Amino acid sequence: MSIQHLAVGVDLVLVADVARSVEQFGDRYLDRVYTPAERGDTADSPSGLAARFAAKEAVFKAIGATDAAVAWSDIEIGRRPGGAPEVVLRAEARRLADEAGIGHWAVSMTHEGAMAAAVAVACKDARAGRPAEEER
Amino acid sequence: MRDLICSVLADHARLKSDASELGDEDDLYQLGLTSHASVNVMLALEEAFDVEFPNELLRKSTFQSIANMAAALRELGAEVPAR
């Protein structure tokens, strides 16, 4: 796989900002931004939610459609059996990723104290736009 | 409408600048608006103007400036609530 077939995104979120949003807006904030699976996985804990928000932003950046209209809940950070995070895209987020030729994702999240962060790597279809001589 | 938008920004945008000193076209992301703060701004605008932003308006540029937010709110039929 060559470098042009990879795209990366990163984001950093203050846990206190998420806690403040939950306090101020409650379910309006939670349901607008997070999926039921994300809320279940985190039990609505600010640190877990902040890590997922960072991951959603990281995925959005990796897709590369800077000003696209994408609902936050259409980028879901789920859990594989065993606990590793996985990216589940829906609606416009799915369409944009398909259009960009993104077939696979790797995402990693962390939170420590006041901060939560995530990195997302998008792996594009190696054959998309590849010259014929490179197919060997 | 502008005054109410500035009030929402003062309460939720957490900008480096005083919201009362913003120009209509100032780039709020350049002034420190984060993606997460833009969610709070959107939810607060919905409360203040009794509207709901549809998915097609959930793009970064909608919240990039006072002018863009005012245009989006007008598109949604928002009116300045009576005091």
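Hi everyone, this is a short tour of a two-chain model, starting with chain A and ending at the contact with chain B.

A word on ground rules. This is a predicted model, where local features need pLDDT of at least 70 and side-chain atom pairs count only at pLDDT 80 or more, while totals for chains, interfaces and linings use all residues. Residues are numbered from 1 along each chain as its sequence is written, chains are lettered from A and ligands numbered from 1 in the order in which they are written, and side-chain values use heavy atoms, with hydrogens and water left out.

Let's begin with chain A. It has 5 helices and 5 strands; helices here are DSSP runs of H or I with at least four residues, strands are runs of E with at least two, and both are numbered from the N terminus. In order from the N terminus, the pattern is β-α-α-α-α-β-β-α-β-β. Of the 136 residues in chain A, 44% are buried. Buried means under 20% relative accessible area, exposed means over 50%, and partly exposed is in between, with a 1.4 Å probe and protein chains only. Now contacts, meaning heavy atoms within 4.5 Å. Among the contacts in chain A with a separation of 6 or more, 56% are between residues 24 or more positions apart.

Next, helix 1 of chain A, residues 15–25. Its buried residues are Val15(A), Asp17(A), Val18(A), Ser21(A) and Phe25(A).

Ala43(A) has a phi near 55° and sits in the loop between helix 3 (36–42) and helix 4 of chain A. With a relative accessible area of 65%, Ala43(A) is exposed. Ala91(A) has a positive phi of about 50°, and it lies in helix 5, residues 91–99, of chain A. Ala91(A) is exposed too, at 53% relative accessible area.

Now for a charged residue, Glu76(A). Is it buried or exposed? Glu76(A) counts as buried because its relative accessibility is 9%. Glu76(A) belongs to strand 2, residues 75–79, of chain A. Its side chain makes a polar contact of 2.7 Å with the side chain of Thr35(A). By polar contact I mean a pair of N or O atoms within 3.5 Å; within protein, one must be able to donate a hydrogen and the other to accept it, and residues adjacent in sequence count only if both atoms are side-chain atoms. Beyond four places in sequence, the contacts of Glu76(A) include Lys56(A), Glu86(A) and Arg90(A).

Over to the interface. Here 20 residues of chain B are in contact with 21 residues of chain A. The buried area is about 1800 Å², with 54% from carbon and sulfur atoms; that is the accessible area (1.4 Å probe) that two parts lose on being put together, summed over both. His36(B), Leu43(B) and Leu58(B) supply 32% of the area that chain B buries against chain A, more than any other three residues.

How many salt bridges cross between chain B and chain A? The rule finds 5, where a salt bridge is a side-chain nitrogen of Lys or Arg within 4 Å of a carboxyl oxygen of Asp or Glu. One salt bridge joins the side chains of Arg28(A) and Glu46(B), at 2.8 Å from N to O. On the side of chain B that touches chain A, the largest share, 10 residues, comes from helix 2 (residues 35–49) of chain B.

Let me finish inside that helix, with Asn40(B). Asn40(B) is buried, at 8% relative accessible area. Leaving out residues up to four places away in sequence, Asn40(B) touches Ser21(A), Phe25(A), Tyr29(A) and His12(B). Two of these, Ser21(A) and Phe25(A), are among the buried residues of helix 1 of chain A. Thanks, everyone!
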